[in-house]
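Dear colleague,

I am passing on the structure below, and my notes on its backbone and on one of its helices follow. Please keep it open while you read.

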Amino acid sequence: MSKAEKIYLKSPEWAKSLAVSMYGKIQYRKRYSGSYQQLLDKVRDTHSWTTQEVHDYQCERMQSMLSYCFEKIPYYHKLFIDHGLTVENITNLDDLKKIPILKKDVLRSSPQEFRPANRKLVHTSHKTSGSTGTPVSIDVDEETYKLAMALLVDFEERNGVPFGARRATFAGRIIKSTDNLTPPFWKYNSAENQLLFSSYHLNRSTFHHYREKLQQFAPLELIGYPSAIYEIANHYYLQGVIPEFRPKLIVTNSENLLNWQRERIEEVFNCKVRDYYSTAEYLNFAGEDDKGIYHSNPLPGITELDPLESGEGQHILIMTSLTNTAMPLVRYDVGDLAIPASGNELSSGIPRLSEIEGRIDEYIETQDGRKIGRVSQIFKGVPGIKEAQIIQYKCGEAQFNIVSETEGNTLAESMIIENSKLRLGEDFKVTINYQSRIPRQKNGKFRFVLKKEQSSSKEGT
């Protein structure tokens with residue numbers, strides 16, 4: 001937990017509310033000023049581009065980015081020389097395959113090799129787990145960061161929600177101490193007309209507070225983790241309560257939206273659910289259409305589909321940045337799997353995807369029945385972690401399997417315990433188990449969260 005978070009949690013409610021709105025105003029200027037409108041207009045234009053226009057744009061941007069990488073990025077300068085490559089050798093998307101795939105381990109071990117000498121960045125993205133549990137920090141430049149905002153706004157607008165409409169967010173924000181079950185469990189961000197709800201305090205006894213606040217605020221959109229939005233919908237369903245407001249859109253992200261979650265959410269709120277896929281590395285934005293197909297936008301990056309031999313139609317997602325000069329990534333294995341839509345052209349730099357399979361996380365259950373998703377935040381900012389996995393055998397307890405980057409397991413365990421208590425509660429029991437390697441599934445990946453029966457043998461011990 002950062003110093004600012006500690007101060008925030010100890011502050012009175014009025015000070016917390018003020019801090020949220022002040023931070024919201026800073027973020028608003030950061031996201032929507034300067035070149036934002038120009039980028040939004042460009043995103044809107046892409047919907048009318050022909051296949052040839054998309055191809056030509058991506059090829060031109062690709063060559064420009066590769067030239068930049070060779071001149072400014074130490075890792076790629078050496079890579080090109082070692083493999084006898086020149087930018088002139090790579091003129092179309094298929095030529096990208098001449099460049100070796102970049103694995104996450106290389107980026108994590110030598111991040112400075114991917115940064116230019118005089119980089120200008122406005123944001124650092126911390127990818128703490130995904131499907132591999134491997135923490136990576138990504139520097140992001142101004143254009144790329146604002147483009148990501150424009151892509152989301154465009155997605156919402158095309159699904160009927162105008163910019164600035166009332167929005168309720170259910171994500172991983174720490175609104176208050178997890179053990180404090182006295183409302184409010186939300187904070188209002190006046191800059192974006194956004195009500196931020198805690199995903200950590202919802203249970204049967206607190207649900208009526210959430211229901212009353214949602215009824216009062218009457219958001220036009222709900223956005224956040226599928227697991228969190230499903231939980232609020234399920235409480236309406238189990239208690240036989242019909243929401244007294246009608247959202248126009250529900251947007252899910254960051255986790256896989258499972259069929260049973262979608263069905264319950266749509267049944268309760270009586271509106272469409274649209275999922276989108278994006279990466280913490282700002283390489284892709286793929287919004288879901290009304291048939292459940294994900295369409296990648298051509299602006300942020302090129303996406304390749306590399307067939308997985310052991311998978312049934314599964315492909316590894318390999319991505320190349322077209323915008324981010326603060327930390328460009330070329331042919332980067334993002335660690336996710338996908339299945340292309342029927343009839344999809346695999347050579348396309350913006351493939352259509354029917355399923356994205358790399359973001360499935362299970363809940364962690366607390367002693368009092370709360371179900372907490374996206375617990376990867378527990379490992380955020382903890383140095384020395386190579387990989388991590390959470391195994392839960394019973395409610396209120398979990399085993400953290402950790403692979404340390406250094407010998408001797410010298411790790412800031414106190415930070416992990418503190419972060420877990422912050423999100424899961426003071427009474428949540430954690431056992432830290434060091435391993436040399438976390439076992440993979442048949443497809444080469446492993447689940448970040450596993451739920452097992454108490455009688456099962458512990459994985460990796």
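Which residue just after α2 takes a positive phi? That residue is Gly34, with a phi of about 60°; helices here are DSSP runs of H or I with at least four residues, and strands are E runs of at least two, both numbered from the N terminus. The model is a predicted one, in which local features need pLDDT of at least 70 and side-chain atom pairs count only at pLDDT 80 or more, while totals for chains, interfaces and linings use all residues. Residues are numbered from 1 along each chain as its sequence is written, and side-chain values use heavy atoms, with hydrogens and water left out.

Turning to the loops, Asn193, between β4 and β5 (194-198), has a positive phi near 55° although it is not glycine. Arg331, in the loop between β12 (315-321) and β13 (332-340), likewise has a positive phi, of about 50°, and counts as buried because its relative accessibility is 7%. Finally, a cis peptide bond with omega of about 10° joins Pro183 and Pro184, and Pro184 is found in the loop between β3 (167-171) and β4 (186-189).

Best wishes

Methods
Buried means under 20% relative accessible area, exposed over 50%, partly exposed in between (1.4 Å probe, protein chains only).
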